[in-house]
Amino acid sequence: MTAIDPLSCTPAHLANPAIDPGTLTQIAQHRPDLRAYVRQHPACPPDLAAWIDQQAYQQPQFPGAAAQYGMARPQAGPGGAATGSSPTWHTIVLIAAPVIGLLAIIATFLPAISATIGSHSETSNFWDVDDKSYDVQILIASLLVIAAGIGALVVRKFPVVIGAGAVTILGGIWNGITWLNANSDISDAQKQIKQSKRAYGGLGGSIEVSSGVGMYILLIAALLLLACGAALIVAGLQLRPAAGVAAGGGAGGYGGYPGAVQPGGYTAAGPQMQPGAGPSPYQQQGPYYQ
């Protein structure tokens, strides 16, 4: 059986006859534009097909229902394989979270501070500071973001994606606070050098301290994590089941579409046909599977 993310699903994906009925139900619930393809899928259960037919008849303008529900067939590419659209922004955001977390870890190995004494210059990264835990803090926060992002990329369910978004935002805040603390230490060192120059004249005049590239990359990573976390939450909210359509709920949702068994043992009624009404537009359209 094949599971597909409803948000990134395309008509080409639905040309795969190995998709399981549960995935077809989720796609029909979240993607009205793909219900025609779900209706024609060989694994579409009869009760789900009846529910899709009912939704089509409930559209305000029935003649346009076929166009609204995407009756166009997927185009076959070279070798007969169906082609789909490029990855959606949801997939890009899911991939971006662990990538940005890895960028924050890389920043810890880059020069965080640069000190110049006369003609001699030295740099230090976050791991070179023995009396601070900046390196460990960045590592822990970034690893949590990476783990959450990979989990959301694999599972792609409402609570998992929302959780990954929250973890990503917390990781951005955590790394941002670490950056502020490290930047404060650098600023303190710069103030002490200035005070020494004023107090002792030329002594220490050739000493300079500045932020390194690692500090800048860490700041950029922290800001990107905040933005990516917010985008993940938006993507997760689009996976949220509609009110009243949770599993085992009323007719019209997951486990509750017409024909599904309801509490008490009865089944929801299928679509009510009006006198003189023709068959469903989905039934008029023949299957496109070979």
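Cys228 is buried (under 20% relative accessible area, with exposed meaning over 50% and partly exposed in between, for a 1.4 Å probe and protein chains only), at a relative accessible area of 7%. Cys44 is likewise buried, at 13%. The count of disulfides (pairs of cysteine sulfur atoms within 2.5 Å) comes to zero.

The model is predicted, so that local features need pLDDT of at least 70 and side-chain atom pairs count only at pLDDT 80 or more, while totals for chains, interfaces and linings use all residues. Residues are numbered from 1 along each chain as its sequence is written, and side-chain values use heavy atoms, with hydrogens and water left out.

Strands (DSSP runs of E, at least two residues, numbered from the N terminus) are paired if DSSP finds at least two bridges between them. Strand β1 (residues 113–117) runs antiparallel to strand β2 (residues 120–124), joined by five bridges, and Thr116 faces Ser121 in β2. Two residues separate the strands of this hairpin, where Gly118 adopts a positive phi near 65°. β1 also pairs with strand β3 (residues 207–211), again antiparallel and over five bridges; here Ile117 stands opposite Ile207.

A nonpolar patch on the surface comprises Phe109, Trp127, Val136, Ile140, Leu144 and Trp174, with about 550 Å² of accessible area together. Patch residues have over 30% relative accessible area and no salt bridge, with nonpolar side chains joined within 5 Å; a salt bridge places a side-chain nitrogen of Lys or Arg within 4 Å of a carboxyl oxygen of Asp or Glu. Areas follow the Shrake-Rupley method with a 1.4 Å probe. Helix α6 (residues 134–155) contributes the most, with three residues. Ile140 lies in this helix and counts as partly exposed because its relative accessibility is 38%.

Note on methods: Patch = residues over 30% accessible without salt bridge, like charges linked within 9 Å, V, L, I, M, F, W, Y side chains within 5 Å. Helix = DSSP H or I, 4+ residues; strand = E, 2+ residues; numbered from the N terminus.
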